[in-house]
Every structure is written in C-alpha cells, then in structure tokens.
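The following exercises are to be worked with the sequence and the model at hand.

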Amino acid sequence: MKLILLGPPGAGKGTQAANIVKEFAIPHISTGDIFRKNIKEGTELGVKAKSFIDSGKLVPDSLVCEIVEDRLSEEDCKEGFLLDGFPRTVFQAESLDKFLNENGKTLNKVVNIKVDPDLLVERAVGRRICKSCGATYHIKYNPSKVEGVCDLCDGELYQRSDDVAETVENRIKVYIDETSPLIDYYTKKEILIDIDGQQDIDKVYKDISVALKG
Ligand code: AP5
Ligand code: MG
Ligand code: ZN
C-alpha cells in the first residue's frame, strides 16, 4: 500500500499514521519528524531547516524532495509506505509523481483528514510528544495517565517549538495557500479519500481503515 496522509497542522496525521502503519505493515515517513531529528542532531540539514520550521514556513522544496526520494529508495519501502506531511506543494507532488513513475510505482490512496481551522490551534498547542518513542498525546483530548510521562515507555513528554499559537496560525495559513491545492490535484487523479477528522481518535481510524480496505 502506497499512501499519503494529507491534512492541516494538528489534523491528526501523526496520530493516525501510528495506527495505519501498524495495520498495513508499512514504514511511516514524516518529513517533519526527519527535520526535527536533524535539528536535534545538529546536522547541516537541521541547521538549514530550523528557522523555516520555527517561523511556521515551509522548508524550501529543494531541501525536501531529495530527502524523500532517498528514503523511498530504501529496501523497506519496496512494498509500500505512508508519507505524512509530504508532498506539501504542487511542485513536491509533481516531483513525487515523476520519481514514482521512473521506478514503476503508483500511489494507491491519499487520505485527506478534514478538520475545521478553528479547532487546529488548540489541538497543536495542547500536543505533547514523548522524547524517547515519539508517541503523541494531548493535554485534553488524549492525556497520558501520569502528567508529563509517556504511557508506553515512561519517557518525558515535551512540546514542539513550533506549537505556539502564533506559529500554528502561520502554519495554517501556509497550509491553505500552498498545500490545500493538493486536494484538487489528487481528486483529479481519483485517489483522494476524505475523512472527517473531528470525531474521536478511534472513530477517525475506523473510517480510515474501512476506506483503505474498500
Ligand atoms: P509536520 O511535523 O508535518 O507538522 P504539521 O503538518 O504542521 O502537522 P502536525 O504534526 O502539527 O499535525 P498532525 O496532523 O500530525 O497532528 P497530530 O496527530 O500530532 O511539519 C512541521 C514543519 O516541518 C512544517 O511547518 C514545515 O516547516 C516543515 N516541513 C515538514 N514537511 C515539509 C515539506 N514536505 N515541505 C516543506 N516543509 C516541510 O495531532 C495534533 C494534536 O491533536 C495531538 O495532541 C493529538 O493528540 C490531537 N488529536 C489528534 N486527533 C485528534 C482527534 N480526532 N480529536 C482530538 N484531538 C486529536
Ligand atoms: Mg505530525
Ligand atoms: Zn514514549
């Protein structure tokens, strides 16, 4: 299964990705996670990406496409993959199509998680992530059993540097301007599935699972 997860910041892409990759046994490729890992490790890519991410802008296409192509060329992506947060511009989508074409592959589905923009800031600002295993929580909608501690591995929970209200608002604007045209792009290819992301986390996943198997 070759899949893309589309949706605005805080829509629940990362949350649902964890379920999808478990059920369909495919690798989870999040460009945001790749950048954050590089920032943490202080690599050249991390240094270049940091200022864009912290201001809520997109990292330039020239830095993104090659990383994804390298990752998709790895052995574990042969049978399938789940892209989360990529593509994010029409340029990235066209470049992905070209890459997949050249490698004799086609996308199966694009899962579009729809959430009202008014709800997104609260979702992102209340998000907490495990430093050790990356599990995602929300202080109100999906709290850990012990505040600040991961249920799965006892790791410490932290808040992303771009999860402050002003930056989240910028990210939403950037999504509307630069990423939302992809809804049309994949609708025309007849592979887009719309999912109501304003239900409980479990119900959102049920809908995704049914749609992917249908
Ligand atoms: P990235 O890390 O991809 O961030 P994003 O797209 O802004 O999305 P988020 O990770 O914030 O949200 P999510 O949809 O994963 O939501 P989550 O499941 O965590 O990118 C970060 C930055 O990197 C970008 O701004 C850009 O600078 C750069 N970048 C990345 N990719 C790029 C690319 N391709 N090109 C250029 N630049 C790129 O859920 C959010 C919260 O809500 C959580 O707390 C969760 O518990 C809660 N929640 C989830 N579902 C529900 C529900 N159904 N009900 C209630 N609460 C819920
Ligand atoms: Mg995410
Ligand atoms: Zn953990």
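This is a predicted model: local features need pLDDT of at least 70, side-chain atom pairs count only at pLDDT 80 or more; totals for chains, interfaces and linings use all residues.

Residues are numbered from 1 along each chain as its sequence is written, chains are lettered from A and ligands numbered from 1 in the order in which they are written, and side-chain values use heavy atoms, with hydrogens and water left out.

**Exercise 1.** Identify the protein donors of the zinc ion (ligand 3) and state their arrangement.

Solution. 
1. Donors are N, O and S atoms within 2.8 Å of the metal (3.2 Å for Na, K and Ca); water is not among the atoms, so sites may look incomplete.
2. Cys 130 is buried, because its relative accessibility is 2%, whereas Cys 133, at 41%, is partly exposed; buried means under 20% relative accessible area, exposed over 50%, and partly exposed in between (1.4 Å probe, protein chains only).

**Exercise 2.** Describe the interface of domain 1 and domain 2.

Solution. 
1. The domain assignment gives residues 2-116 + 167-213 as domain 1 and 127-162 as domain 2.
2. Their C-alpha centres are 22 Å apart.
3. Contact (heavy atoms within 4.5 Å) involves nine residues of domain 1 and eight residues of domain 2.
4. The buried area, that is the accessible area (1.4 Å probe) lost by two parts on being put together, summed over both, is about 660 Å², with 39% from carbon and sulfur atoms.
5. One salt bridge is counted between the domains.

**Exercise 3.** Which residue does Arg 71 pair with in a salt bridge?

Solution. 
1. A salt bridge places a side-chain nitrogen of Lys or Arg within 4 Å of a carboxyl oxygen of Asp or Glu.
2. Arg 71 pairs with Asp 76, with 2.8 Å between the closest N and O atoms.
3. Arg 71 is buried, at a relative accessible area of 19%, while Asp 76 is partly exposed at 42%.
4. The structure holds 19 salt bridges.

Key. Four donors count as tetrahedral if all angles lie between 85 and 135 degrees; four count as square planar and six as octahedral if opposite donors are over 155 degrees apart and all others between 65 and 115; anything else is irregular. Domain bounds come from an automatic or database domain assignment.
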